[in-house]
Amino acid sequence: MRSKNQSPINVKLILIGIILVFLLFLVLRSTYSPSPDQQTTQSLVSKSSSSSQDEETDHQSSEACPSNTCNKISPSLANALVHYATSNVTPQQTLKEISVSLKVLEKKSPSNFLVFGLGHDSLMWTALNHGGRTVFLEEDKSWIEQIQSQLPNLESYHVIYDTRITQADELMEIGMSNEDCKKVTDPRLSKCQLALKGLPQQVLEIDWDLIMVDAPTGWHDGTPGRMSAIYTAGLIARNKQDGETHVFVHDVDRVVEDQFSKAFLCEGYLLQQEGRIRHFNIPSHKARLGRPFCP
C-alpha cells in the first residue's frame, strides 16, 4: 500500500477532484431547499393552515442538522483535502482502480470498511466512507507510529504475519487440499494454516461491508506475502451474519495476488477487474447454510 516513489502531480489533482465531487454530492443531497420566492408563495397560500406543521418541520430540521452542520464540510473530508493538497505523496492506486471501490462506497457509505494496509491513501478511504467505520491493519509498527503522528484520527491495528512469500506454492496446495480450509468459521478457531489467528478482537466482532487487501508487502522473498490476508478476507466475508461483502484485492498483476484471489475469493464471485484491482462480492454463508466454498 505504501508507494516508494512520488506519483505525478496530475494524479494528486485528480484525487483532490474526486474528493471535491464526492463532497459536492453530499452537500447537494443534504442541503437542497426551495428558493425564497417559492417559500413566500407557499406561505401566502397556506399560512393559516400550516403554521403548526411548519413549526414541527423546523424542529425536525434543527434536530437533523444541529447548528447548521449540514451546510458544513465534514471533518474527514476537510482533513483529506488539506492533506493531499499539501502533500508530495499520493495514493498508489490509479484513478480507474480507485473508482472501482469508490462506486461501492457511494452506495454503501456510511459502512464498515476493513483495509489490510496503512498508507498514503488511508485518509482518502476514511473520507470517502464518511460517517462509517474504517479500520486499517498494518504489519509495520514503526509505520503505524509514523502515520498516527501525522493522522491521529485513523483507526489502525498491528498484525503479525508468520508466512513468507516463498511458501506460496506450499500454502496453495494446503489450502486446496485440506478440508479445514473449506470450512467457514471464526479465523481464530480455524484449523487452516492460511487463517490469520491473531487479528484484534475489535476486527472479528464486526460485520464488514467492504474489505480491501492491499497489504502486507509481497514484492520480494523476505516479505510475508498476501496469501493469509486474501484467504482471511474471504473467511471474514463468508462468516458475516447476513448480506454480502465487497472484497477488493490490489496488485493482481503479481502471481500470489492473482492465484490466491481466484482460488479463495472464487472466480464465481468476481464482479470486475480494472487494471491491477479485482472486485469480488461474497455472500454470507451463515445466512444460507450449505453453500459451497466457491459457487
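The link between Cys266 and Cys294 is left-handed, with a torsion of -70° about the S-S bond. In this predicted model, local features require pLDDT of at least 70 and side-chain atom pairs count only at pLDDT 80 or more, whereas totals for chains, interfaces and linings use all residues. Residues are numbered from 1 along each chain as its sequence is written, and side-chain values use heavy atoms, with hydrogens and water left out. The sulfur atoms of Cys266 and Cys294 lie 1.8 Å apart and form a disulfide, defined as a pair of cysteine sulfur atoms within 2.5 Å. Cys266 belongs to helix H10 (residues 255-266) and Cys294 to the segment after strand S7 (277-283), so the pair ties together parts that are 28 residues apart in sequence. Helices (H or I, at least four residues) and strands (E, at least two) are DSSP runs, numbered from the N terminus. Cys266 is buried at 1% relative accessibility, while Cys294 is partly exposed, with a relative accessible area of 28%. Here buried denotes under 20% relative accessible area, exposed over 50%, and partly exposed the range in between (1.4 Å probe, protein chains only).

The search of the whole structure finds 2 disulfides. One of them joins Cys181 to Cys192, with an S to S distance of 2.0 Å. This disulfide is right-handed because the torsion about the S-S bond of Cys181 and Cys192 is about 90°. Both Cys181 and Cys192 lie in the loop between helix H7 (168-177) and helix H8 (201-204), 11 residues apart. Cys181 is buried at 0% relative accessibility, and Cys192 is likewise buried, with a relative accessible area of 0%.

An open sheet of 7 strands has the order S3-S2-S1-S4-S5-S7-S6, with mixed pairing; two strands pair if DSSP finds at least two bridges between them. Strand S3 (155-158) and S6 are the edge strands, each pairing on one side only. From one strand to the next, the twist averages 15°. Strand S5 (residues 244-250) pairs with S7 in the antiparallel sense over 7 bridges, and Thr245 stands opposite Ile282 in S7. Strand S6 (residues 270-274) also runs antiparallel to S7, joined by 4 bridges, with Gln273 opposite Arg278. S6 and S7 form a hairpin with 2 residues between them, and Gly275 in the turn has a positive phi of about 60°.

Helix H4 (residues 95-108) lies across strand S1 (112-116), strand S4 (210-213), S5, S6 and S7, running at about 165° to S5. Helix H9 packs on the sheet, touching S1, S4, S5 and S7, and its direction makes about 175° with that of S4. Axes are lines fitted to C-alpha atoms, for helices over the stretch in contact, and angles run from 0 to 180 degrees between N-to-C directions; contact means heavy atoms within 4.5 Å.

The largest nonpolar core has 45 residues, and those with the most contacts inside it are Leu114, Phe116, Leu137, Ile211, Tyr231 and Phe260. Such a core is a set of buried Ala, Val, Leu, Ile, Met, Phe, Trp, Tyr and Cys residues joined through side-chain atoms within 4.5 Å. Helix H9 (residues 227-238) gives the most to this core, with 8 residues. Another core, of 22 residues, lies apart from it and includes Ile98, Leu105, Leu118 and Leu123. Not counting residues up to four places away in sequence, Leu137 touches residues including Leu114, Phe116, Tyr157, Val159, Leu199 and Val203.
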